[in-house]
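Visitor: Could you walk me through this structure, starting with the overall picture and then going into details?

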Amino acid sequence: MNNTEFTPLLLDWYRHHARDLPWRRTRDPYCIWVSEIMLQQTRVAAVIGYYTRFLDAFPTVDALADGSEEQLLSLWQGLGYYSRARNLHRAAREIKVRGGFPETYDELRALPGIGAYTAGAIASAAFGLPTPAVDGNVLRVMSRLTDNHGDIQLPSTRREIEAEVLRHFPESPDDARIFNQALMELGATVCVPNAPPKCTQCPVSGYCLARERGTAETLPVRAAKKARRVEARTVLVLCRENRVALRKRPGRGLLAGLWEFPNADGVLSEADVTALLSAWGLSPVDWYQKLSAKHIFTHIEWHMTGYIVSVTGDDTQQFSWADADALQTYAVPSAFARFREAAAVQLSEANNA
Ligand code: SF4
């Protein structure tokens, strides 16, 4: 794919057909950075509201640096992958100390939570630098355009694709700002995943080797993933005097520092839960409901059984006991969303009783 018409055709298509997204209307590296971090692992439609609320609360990198982790995690609630939020916070503090936003790829890459993709995306969109930003969309589009059958999970394939993107990068900063975006947009709206590519609508179909050779739907190649580990857990929504018990997770590891409903390994019977409560200084009064939920992390799947149970006694665990209003303010990860909903219903019923 060497034709010099490829890049202008793609850019022209982007300028006329791209979706209007709030982070595409700015050149502020801080706003672009926030959007890129949110868009990792999260769909565009879901990110828009979070992005707007986040920038209302933290309009500048200094405001984010000075903000509390509790407020940050609360704004992040529901987006998942909370280490992204913590890294944003750490990086904002580093940027404040250095006295301004870094303007080169290497300086950006050195910040916490900024990998090759994000550094490339910010350096191009904010500063007009010729830096590839290769995400899943770009891997798919470029694999097809060049009929590359390498496993896209291998660093060597990624490097080949980055080199190919770089070969086509436009020289003018105004064009460079949107080139990565244009490739991603093509992947998101035309050369789509999980469905046949819409080649008849593709502005660069004339340069596509996979289309010419009939291989598009077999690309990109991705070797089979390892199965996730399944963990059984029992989650307890403990109600006492119109409040529910929450506890803070440890500061390291999965969902570090977030709030959760008390829980334990395995599938526990009512008798097991009673014994556990007793060890915590509590006794069951009423068993209201049994429920179940599943949550998928990158490498682990939680299969959860839950009990809503009213308790009496003084806990030895020093749980936080939250009423209906306070419950909404705790940063509880979406893994516990089903139990949080059930807790809110239980508290409102108790309040109305
Ligand atoms: Fe993708 Fe089809 Fe365009 Fe090739 S022609 S890049 S397969 S949409």
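Predicted model: local features only at pLDDT ≥ 70, side-chain atom pairs only at ≥ 80, totals over all residues.

Visitor: What percentage of the residues count as buried?

Guide: Of the 353 residues of the protein chain, 50% count as buried; buried means under 20% relative accessible area, exposed over 50%, and partly exposed in between, with a 1.4 Å probe and protein chains only. As for contacts (heavy atoms within 4.5 Å), among those between residues at least 6 apart in sequence, 68% join residues at least 24 apart.

Visitor: Where does the ligand sit?

Guide: The ligand sits in the largest cavity. A cavity here is a set of points, on a 1 Å grid over the protein atoms alone, where a 1.4 Å probe fits but cannot get out, and a molecule sits in one if more than half of its atoms lie within 2 Å of its grid points.

Visitor: And which residues are around the ligand?

Guide: Around the ligand are R144, L145, V190, C191, P197, C199, C202, S205, C208, R211 and A216, a residue being near a molecule if one of its heavy atoms lies within 4 Å of it. This shell divides into eight nonpolar residues, one polar and two charged, with Ala, Val, Leu, Ile, Met, Phe, Trp, Tyr, Cys and Pro counted as nonpolar, Asp, Glu, Lys and Arg as charged, and the others, Gly among them, as polar.

Visitor: Switching to helices, why is helix 2 described as largely enclosed?

Guide: Helix 2 is largely enclosed by the rest of the structure because 10 of its 11 residues are buried, namely P29, Y30, C31, I32, W33, V34, S35, E36, I37 and M38. Those buried residues pack against helix 3, helix 4, helix 5, helix 6, helix 8 (116-127) and helix 11 (173-189).

Visitor: What about helix 6, and which of its residues are buried?

Guide: Helix 6 covers residues 83-98, and its 16 residues reach 22 Å from first C-alpha to last, close to the 22 Å expected when 1.5 Å is multiplied by one less than the number of residues. In helix 6 the buried residues are R84, A85, R86, L88, H89, A91, A92 and I95, and what covers them includes helix 2 (29-39), helix 3 (44-57), helix 4 (61-66) and helix 5 (69-76). Just after helix 6, G99 takes a positive phi of about 90 degrees.

Visitor: Where is H149, and what is it in contact with beyond its sequence neighbours?

Guide: H149 is in the loop between helix 9 (136-145) and helix 10 (155-167) and is partly exposed, at 41% relative accessible area. Leaving aside neighbours within four places in sequence, H149 is in contact with T215, T218, L219 and V221, and its C-alpha is 9.5 Å from that of T215, 66 residues apart along the chain. One of those contacts, L219, is joined to P220 by a cis peptide bond with omega of about 0 degrees; P220 is in the loop between helix 12 (209-213) and strand 1 (229-240).

Visitor: Last one: what does N242 contact?

Guide: N242, in the loop between strand 1 and strand 2, is in contact with A322, D323, L347, A350 and N351 once neighbours within four places in sequence are left aside. The C-alpha atoms of N242 and A324 are 7.8 Å apart in space and the residues 82 apart in sequence, and N242 counts as partly exposed at 35% relative accessibility.

Methods: Residues numbered from 1 in each chain as written. Heavy atoms only, no water. 1 Å grid on protein atoms, 1.4 Å probe; cavity = no way out; pocket = protein on both sides within 12 Å on 5 of 7 lines; lining within 4 Å. Helix = DSSP H or I, 4+ residues; strand = E, 2+ residues; numbered from the N terminus.
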